[in-house]
Amino acid sequence: MRKLCSNTWCQASFEVTESDLKFLDKVSPVIGEKKLALPPPRLCYDCRQQRRLAQRNERNLYKRSCDLCKRPIISIYTPDGPHAVYCPECWWGDNWDPLSFGRAYDQNRPFFEQFGELYAAIPKMSTFRFKDDINSDYTHDGYRLKNCYFIFDGEQAQDCFYGECYVKMKDCCDFLYLTESELCYECIHCQNCFDLRYSSFCQNCSESVFLLDCVSCKSCIGCVNLVQKEYYIFNEPFSKEDYLKRKAAMNLHTHSGVRQLKALALENFLKHPGKALRGVMNENATGDNILSCKDSSYCFDCIGMRDCRFCTGCMMGGQDCQDVDAWGDRLTLAYNCAYIGAGSQNLIGCYYTALNASNVISSIFCMTGVNNLFGCTAIKKNSHCILNKKYSESEYSELVHKIVECMRTDGEWGDFFPPEISAFGYNETVAQDYYPLPREEVLKRGWKWRDQVDEPLNVTRVIEASQLPDSIDDIPDDILNWAIRCEKTRKPFRLQKAELELYRRLRVPVPRWHFEVRHAARRALRNPRKLWKRNCANCQKPITTSYSPERPEKVVCESCYLKEVY
Ligand SMILES: [Zn+2]
Ligand SMILES: [Zn+2]
Ligand SMILES: [Zn+2]
């Protein structure tokens, strides 16, 4: 079935397949022994994902105070915004009752409008966390963190700085999608790596610099597509002595040395073919950056998915999920949701609903053993609530059927929350990373925009990045009292003491770009979350790949790639 996206500014044509319809039938909730059939999506893949990401501010942190205990806190919500904001301890605590915000459903008004009012009124958690983090206030959406700063969306990290999407890390800085790694710097999409720098899409690599698509390599520099190699430079073998001599001459503790090597490494990368699909141990799967996925299509940055489609960032596995952005972990049967998981099932149109949640529809921040919720927010350990109002089982079933009928008429049933109810300006959210829009366009669509005001930095001087000493060895301790002016955006930024210590320990030059610029540069190293048909540059077999046809890279199919590598 072909459909046209109902967003007036989009109207893209998209395909709804037989298996999509079968999935929708399977995930359609049965309440009071009657099925509430989900219609085929109204919006295209991009517009659906954009809606989900527009609910999420991941990296913008502000200083404010907790509206309950009044202590100063760090928050993803601005101090001048309309929301009541509680510190995590207060939010999780028993000194407030989310049911006291409950309200009756009015069948004469659109459901999302009513949910939006409830959502605006309910206190928000300042930064998402549980109680057991140590010295990691400037982080958001982390679990079991110690001495971390500016890291977002992940769990189990110690002494890590600046990055997004991680599991089990120690002493890492400037990263994107990093798992079970230690002493890594400027790495993206790497697993089980140790002492690795400026590298992308590597597994089990160590003591190496500027690697791309390498597996189990040690002491290599500027290499691509290598497996189990040691002492290679630009894909050529060297003796240990020669390797060490050449490495020392590269002066990788200096800014100029790193810049020079980067140019040479990129030159070498382009001489070698890229793989149509990045990932290992997949079976009957399409997408990019996927590991151990089976019978899944159009999945990006996912690990361990079964029978899933259109999912992104699910790093901890899921089964029978469609249109889900993060995170997984014993997640089954979910549709059009974002940031859900941890033993949860049967979720539709939910944002941040997790920790053994089941049969929850159109709800936000409902956690720990909740079930049978519809249009709720901030509910914990409860069931049979609608718009935060508690009902008996039979009342619940009757009212849900009534609401879904109205939502169907209004074209809301099966949709994710509209960006209009987001707690953030569009430009504060992850949607701006993947679907950037100018201010005027955002306002034209009726969405919010946050005019960013930079807080003045309390420093003794601001130094131009170009005036920094070339070598990390010559950076004085005094730099901690200065700000560095970003080479790209001219925005000043500071170094943290522990961060400088890590640069010295790794012996890497200090950054000359602001965190946001570094982050955007890392993101740009990946292909878009889209697929195209191409032909293998070697055997001409048709391939499905995230490299668009007009790109210059030589892209080959899996079997041609394996012939090149092994
Ligand atoms: Zn669209
Ligand atoms: Zn508090
Ligand atoms: Zn081929």
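Guide: A strand here is a DSSP run of E of at least two residues, numbered from the N terminus. Trp327 is found in one of these runs, strand β24. Bear in mind that the model is predicted.

Visitor: Why is Asn359 called buried?

Guide: A residue is buried if 20 or more other C-beta atoms lie within 10 Å of its own. Asn359 has 20 other C-beta atoms within 10 Å, so it is buried. Asn359 lies in strand β27 and has a positive phi of about 55°, although it is not a glycine.

Visitor: Why does Glu207 count as partly exposed?

Guide: The label applies between the two limits, 12 or fewer for exposed and 20 or more for buried. Glu207 has 17 C-beta neighbours inside 10 Å, so it counts as partly exposed. Glu207 belongs to strand β15, residues 206–209, and it too is not a glycine, yet its phi is positive, about 45°.

Visitor: Which residues touch the most other members of the largest nonpolar core?

Guide: They are Cys184, Cys299 and Ile340, in a core of 121 residues. Strand β24 gives the largest share of this core, 12 residues. Apart from it lies another core of 12 residues, including Ile76 and Phe424.

Visitor: What does Ile340 touch, leaving out residues up to four places away in sequence?

Guide: Its contacts include Val324, Leu331, Cys350 and Tyr352.

How values were computed: Residues numbered from 1 in each chain as written. Chains lettered and ligands numbered in written order. Predicted model: local features only at pLDDT ≥ 70, side-chain atom pairs only at ≥ 80, totals over all residues. Core = buried A, V, L, I, M, F, W, Y, C linked by C-beta atoms within 7 Å. Helix = DSSP H or I, 4+ residues; strand = E, 2+ residues; numbered from the N terminus. Contact = placed C-beta atoms within 7 Å.
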